[in-house]
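Dear colleague,

Please find the structure below.

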Amino acid sequence: MHPKRPEIGLLLLVLKDLWTGFTPVGGGSNVGRGRLTGRSATLTYGDKTWQLEAEGDRVRVMTGGDAQPADLNTYVSGLKTYVQQGGNNGDE
């Protein structure tokens, strides 16, 4: 299965929300439990690899293969375009 650009963008936004603790996980989050904080993650798509590392309040992005940090933004932009066009942008 090959995910489409908008699907990758959605997954990146979910990862960001989990990484920052914005999205609660499981029951009990209303009493201060059930939140995640990101430390590191490895993302691989085809021959591209991104290594994410927490540095205080920031995230450092290291790359491998043909990957560029800006590639991650293009996936999120693809999701934005897909939603703006009503789910019909030709990126099937």
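How many aromatic pairs does a search of the whole structure find? The search finds two. Rings of Phe, Tyr and Trp (its six-membered ring) pair if their centres lie within 6.5 Å; planes under 30 degrees apart count as stacked, over 60 as edge-to-face and the rest as tilted.

This is a predicted model, in which local features need pLDDT of at least 70 and side-chain atom pairs pLDDT 80 or more, while totals for chains, interfaces and linings use all residues. Residues are numbered from 1 along each chain as its sequence is written, and side-chain values use heavy atoms, without hydrogens and water.

Helices (H or I, at least four residues) and strands (E, at least two) are DSSP runs, numbered from the N terminus.

Trp 50 and Tyr 75 also form an edge-to-face pair, at 6.3 Å centre to centre and 85° between the planes. Here Trp 50 belongs to strand E2 (residues 48–55), 25 residues from Tyr 75.

Trp 50, at 2% relative accessibility, counts as buried, as does Tyr 75 at 7%, whereas Tyr 45, at 32%, is partly exposed. Buried means under 20% relative accessible area, exposed over 50% and partly exposed in between (1.4 Å probe, protein chains only).

Yours sincerely
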